[in-house]
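Please follow along with the model on your own screen.

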Amino acid sequence: MGEWWRGAVIYQIYPRSFRDTNGDGVGDVPGITSRLDHVAGLGVDGIWLSPFFTSPMKDFGYDVADYRDVDPLFGTLADFDGLLAEAHRLGLKVIIDQVYSHSSDRHRWFEESRQDRTNPRADWYVWADPKPDGNPPNNWLAVFGGPAWDWEPRRYQYYLHNFLKEQPDLNLHNPQVQQAVLDIAAFWLDRGVDGFRLDVANFFMHDLQLRDNPPRPHPAPDKPSYLQRQIYNRTRPETLAFVPKLRAAIDRYPERMAVAEIAAEDQLATMVAYTDGPERYHTAYSFVFLGPEFGARFIRDSIERMGALSNSAWPSWAFSNHDVVRVATRWGRSAADPVGLRQADAGAADKPARDRLPLPGRGAGPAACRGAVRPAPGSGGQDLLATAQGPRRRTYADALAGRIAKCRLLHGRAVAACRSAPSATRGRCSGGGSEFGARLRPALPRLAQEAGTAHRRRHPLPRRTGAGAGLRPRRRERGDPLRLQPWRG
């Protein structure tokens with residue numbers, strides 16, 4: 001049981017969209033607690049909670065203003081303790097986000113640090129003098145756009161922010177900052193959490209010489225920061241020197257773990273570097289399967305390359321999280337329509353969580369495409385972070401590829417039906433979820449009925465709701481967009 005995370009499946013819960021219990025329109029901690037029996041019923045091993053800490057919410061909680069308290073928007077520490085107790089009663093492990101790369105600019109540490117160059121926390125963040133012409137100290141670019149430096153007139157210096165300007169980078173070269181981070185980890189481990197998901201774990205340190213990043217030979221077009229090889233502002237060897245300290249702090253508590261988020265040029269090799277050995281993190285996941293590329297060969301090649309890099313590192317394979325469009329949307333569409341894919345996926349991550357990709361063996365037929373893993377009733381839900389590890393990972397990949405093939409087949413049928421419709425209605429077809437195409441607008445009832453009938457004919461389904469339930473159009477009022485609902489027969 002000490003290594004429960006090997007082979008575990010973790011379900012991510014985004015608090016603000018999961019379930020609201022006080023009527024303010026925002027999900028909260030008591031709402032999560034009230035539906036944990038539903039989550040446990042899915043058969044997952046644990047949950048990962050996105051940030052619920054005190055925050056001005058410039059980055060939806062990843063700008064932490066108080067690492068040791070719950071934001072009033074979500075509840076109280078007592079509410080969290082209740083969630084933890086209920087999860088453990090149901091046999092669920094609880095992993096929480098920890099953001100050690102940066103804090104909010106509203107954190108008391110930064111408010112003190114920015115006052116002048118001589119205060120006790122003057123060196124707790126990354127400060128640098130301007131160039132003689134007043135420009136930032138180097139060419140580093142923020143992940144969210146623009147320079148990675150912002151001006152502070154009180155210090156007459158720039159501070160580093162690899163993300164938003166409201167997220168100043170902590171200076172983890174400073175031993176005092178390292179100890180403060182370890183104390184925060186101990187605070188939550190003492191409360192009983194089972195592990196941490198470490199946000200942007202390879203961004204913890206920066207190059208002390210502040211050297212310019214070189215240009216990328218073949219840049220990806222979607223973010224300006226991808227025009228650079230980010231070798232001086234992330235994935236520094238100094239970061240690896242801190243990892244054993246954090247691992248040792250976690251290992252003082254039995255059956256606890258850390259899963260690191262890795263975004264790097266060579267994602268698999270970096271995952272190995274951060275997990276290979278007893279002094280590294282227990283496991284890590286990257287963005288290998290969080291992009292548009294997919295297919296059985298791609299999945300198998302990635303897993304086999306990971307095995308060739310290390311026999312002891314234990315990767316986690318993530319297929320969905322809060323940073324990307326849902327896996328059924330990303331992989332369920334035809335790769336032959338890249339323009340339509342980009343248009344359809346615009347803003348899809350902000351839509352209600354109707355679409356789920358089930359775990360292998362859960363769900364059948366078209367229900368597997370819509371997803372057997374659904375949010376709790378009355379909740380907005382959040383996507384599954386499926387971590388298929390160790391001995392199960394190859395069989396998971398094979399089964400996943402089969403599910404995706406079914407989704408693509410059903411999507412193709414829906415598109416074909418739409419294209420065969422009269423020109424006056426063409427382009428207004430819709431399926432039950434985003435895997436059929438967000439670009440296909442509210443459907444003709446006839447087409448939806450035909451699609452539902454065809455699905456039931458090809459896949460005999462039980463007459464009860466559940467993982468194997470089919471689809472049928474529900475009765476709708478005028479102006480109400482049609483959606484396919486579970487077929488009750």
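Before looking at any side chains, I wrote down what I would accept as a polar contact: a pair of N or O atoms within 3.5 Å, where within protein one must be able to donate a hydrogen and the other to accept it, and residues adjacent in sequence count only if both atoms are side-chain atoms.

**Ground rules.** This is a predicted model, so local features need pLDDT of at least 70 and side-chain atom pairs count only at pLDDT 80 or more, while totals for chains, interfaces and linings use all residues. Residues are numbered from 1 along each chain as its sequence is written, and side-chain values use heavy atoms, with hydrogens and water left out.

**Entry 1, confidence.** I checked pLDDT, the predictor's confidence in each residue, from 0 to 100. The chain averages 76, and 67% of the residues score at least 70. Over residues 339-489 the pLDDT stays under 50. Where pLDDT is low, the predicted coordinates should not be read in detail.

Of the 489 residues, 54% count as buried. For burial I used relative accessible area with a 1.4 Å probe and protein chains only: buried is under 20%, exposed is over 50%, and partly exposed is in between.

I located asparagine 138 in the loop between strand S6 (127-128) and strand S7 (149-152). Is asparagine 138 buried or exposed? It is buried, with a relative accessible area of 7%. Its side chain makes a polar contact of 2.7 Å with the side chain of tryptophan 149. Counting contacts as heavy atoms within 4.5 Å, and leaving aside neighbours within four places in sequence, I listed Lys131, Trp149, Leu210, Arg211 and Asp212 around asparagine 138.

Which residue does glutamate 261 pair with? Its partner is arginine 197, with the closest N and O atoms 3.2 Å apart. Because glutamate 261 sits in strand S10 (residues 257-261) and arginine 197 in strand S9 (residues 195-198), the pair ties together parts that are 64 residues apart in sequence. Both glutamate 261 and arginine 197 are buried.

Next I took aspartate 207 and arginine 211, whose closest N and O atoms are 3.0 Å apart in their salt bridge. Aspartate 207 is buried at 2% relative accessible area, whereas arginine 211 is partly exposed at 32%.

Then came aspartate 251 and arginine 247, bridged at 2.9 Å. They are separated by about one helical turn, because they lie four residues apart in helix H7 (residues 237-251). Aspartate 251 is partly exposed at 40%, and arginine 247 counts as buried at 14%. I also noted one network in which salt bridges with shared partners join Asp97, Arg197, Asp199 and Glu261.

My criterion was buried Ala, Val, Leu, Ile, Met, Phe, Trp, Tyr and Cys residues joined through side-chain atoms within 4.5 Å. The largest core has 94 residues, and Leu49, Ile96, Trp188, Phe196 and Tyr281 touch the most other members. Helix H6 (residues 175-191) gives this core its largest share, nine residues. A second, separate core of 10 residues includes Val126, Ala128, Ala148 and Tyr232.

Technical notes
A salt bridge is a side-chain nitrogen of Lys or Arg within 4 Å of a carboxyl oxygen of Asp or Glu. Helices (H or I, at least four residues) and strands (E, at least two) are DSSP runs, numbered from the N terminus.
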